[in-house]
Amino acid sequence: MNTVLVGAQWGDEGKGKVIDFLTEEADVVVRFQGGSNAGHTVVVGDRKYVLHLVPSGVLHEGKHCVIGNGVVMDPFDLMKELEQVESWGFALKGRFHISERAHMVCEWHRALDRAEEAARAQDAKIGTTGRGIGPAYAAKVGRFGMRVGDILRPDFQDRVRAQVEEANRALTALGAQALDPEEMVRLYAPMVKALMPYVTDTIQFIHDKLDAGANLLFEGAQATMLDIDFGTYPFVTSSNPTAGGACTGSGVPPRKIDRVIGVIKLYTTRVGEGPFPTELDDADGETLRRRGGEFGATTGRPRRCGWFDAVIGRYAQRVNGVDYWAMTKLDVLDTFPVVKICTGYRRKDGFVYTTFPADLDVLKWCEPVYEEMPGWQCETSHITRYEDLPANAKAYIARILELIGGKLGVLSVGPARETTLRINI
Ligand code: IMP
């Protein structure tokens with residue numbers, strides 16, 4: 001059984017926890033896009049682990065973890081994270097693999113990310129994580145990127161110099177400080193030794209595992225509405241976190257994917273700038289943030305919070321072909337007397353959009369159309385069987401499923417591993 005797991009909203013749906021749960025049945029966990037802009041939180045017992053680049057499968061001994069070709073990887077972030085994982089007591093030897101085709105995020109990409117964001121007008125700021133993701137993908141698509149495999153080339157140091165000189169032209173034009181190419185060579189030259197043990201042809205590795213009948217889990221970072229093609233462009237990340245990205249970012253053929261699981265939070269959040277139709281700027285929004293602990297795992301920024309948006313849910317179901325939903329954070333809604341679901345965006349002239357518009361300006365002239373449902377006003381985080389949920393909570397979930405399509409597979413009612421209810425999968 002090969003599974004792709006994706007986020008349905010603007011990230012932070014609780015993917016780390018669901019991946020951790022699904023990893024129990026997987027032999028190999030593969031990251032296929034993004035980089036250390038991601039932050040996957042997993043709580044085991046009373047310990048909380050936050051991972052950025054390394055697949056969450058690393059917290060399960062014996063599972064293989066792959067950084068696929070679609071990832072942009074900062075070698076320093078990676079090394080730090082690997083050391084941390086080992087200090088937590090998880091061995092990596094022989095089970096951690098980096099694609100030689102993955103691209104590197106380097107110091108000059110980070111500098112460009114910061115300089116480009118600073119140069120944007122206030123209403124054009126993306127609110128990037130500052131991890132160099134956009135510039136690294138721009139270099140990849142522009143065909144002057146640095147692949148992980150390049151560290152083994154005899155001209156590696158010359159390539160570093162050439163890259164820095166190229167970046168310096170843009171940095172100085174943006175009024176930012178240029179970087180010293182020789183210092184960058186000194187910084188990146190030791191990478192060869194550090195990364196070498198892990199670098200491999202992961203396409204071969206993945207296909208060997210597929211041929212041997214192994215179970216593969218493809219772990220998406222970020223989410224549908226941050227997708228460079230399907231998201232709220234230009235307020236998006238620079239990769240394809242949607243299901244198709246699993247194929248292009250790892251080399252798995254589409255026909256080898258057996259199911260797609262979408263992770264969706266039972267309300268909505270967003271970090272960074274960009275449109276967010278159901279955003280709440282009131283006490284209800286504050287309650288969601290406080291009860292949901294809605295602060296970024298990577299940047300610590302407070303997340304913007306709002307009601308569940310079924311327009312987005314339906315869109316994500318279609319774009320990804322979600323078979324099963326992993327619905328998360330039901331417990332955060334426990335105290336509300338009324339819960340709301342957005343079913344469309346109403347324009348001033350009365351027209352209602354029930355699909356997500358490509359032109360973001362449209363949203364400025366719209367307001368969300370809400371359905372209101374009675375809340376359940378009791379604690380759900382101790383519940384271990386779906387049948388035991390309060391009737392109003394079940395009705396809320398059922399209405400959402402009716403609106404967005406797909407089946408319920410997993411329901412999460414709290415942060416710990418034990419609070420994940422398995423329903424249909
Ligand atoms: P970048 O990926 O750092 O370029 O940031 C682009 C946009 O994606 C910004 O709005 C970020 O806040 C958002 N973003 C990137 N990674 C994540 C994530 O893992 N969770 C939530 N938002 C993210």
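How many disulfides does a search of the whole structure find? The search finds zero. Please bear in mind throughout that this is a predicted model. Cys247 illustrates the point: the nearest cysteine sulfur belongs to Cys65 and lies 20 Å away. Because a disulfide requires the two sulfur atoms to be within 2.5 Å, Cys247 is in no disulfide. Cys378, at 34%, is partly exposed.

Let me turn to the sheet. It is an open sheet of ten strands with mixed pairing, and its order reads E9-E7-E5-E2-E10-E1-E11-E15-E19-E20. Its edges are strand E9, residues 199-200, and strand E20, residues 420-422, each of which pairs on one side only. Within the sheet, strand E1, residues 3-7, runs parallel to strand E10, residues 216-219, and three bridges join the two. Thr3 has Leu217 in E10 as its bridge partner.

Two helices that lie across strands of this sheet deserve mention. Helix H1, residues 15-23, lies across several strands, including E1, E2 and E10, and runs at about 165 degrees to E1. Helix H11, residues 310-320, lies across E1, E11 and E15, at about 140 degrees to E15.

I now come to helix H5, residues 156-173. Its 18 residues reach 26 Å from the first C-alpha to the last, close to the 26 Å expected at 1.5 Å a residue. After H5 comes Gly175, with a positive phi near 80 degrees.

Which residues of H5 are buried? They are Phe156, Val160, Gln163, Val164, Ala167, Asn168 and Leu171.

How do H3 and H5 pack, and at what angle do their axes cross? The axes come within 10 Å and cross at roughly 10 degrees. Since angles under 35 degrees count as roughly parallel, H3 is roughly parallel to H5. On the H3 side, the residues in contact are Trp108, His109, Ala111, Leu112 and Ala115. They meet Val160, Gln163, Val164, Ala167, Ala170 and Leu171 in H5.

Thank you for your attention.

Conventions. Residues are numbered from 1 along each chain as its sequence is written. This is a predicted model: local features need pLDDT of at least 70, side-chain atom pairs count only at pLDDT 80 or more; totals for chains, interfaces and linings use all residues. Side-chain values use heavy atoms; hydrogens and water are left out. Helices (H or I, at least four residues) and strands (E, at least two) are DSSP runs, numbered from the N terminus. The expected span of a helix is 1.5 Å times one less than its number of residues. Buried means under 20% relative accessible area, exposed over 50%, partly exposed in between (1.4 Å probe, protein chains only). Two strands pair if DSSP finds at least two bridges between them. Contact means heavy atoms within 4.5 Å. Axes are lines fitted to C-alpha atoms, for helices over the stretch in contact, and angles run from 0 to 180 degrees between N-to-C directions. Angles under 35 degrees count as roughly parallel, over 145 as roughly antiparallel, 65 to 115 as roughly perpendicular and the rest as oblique.
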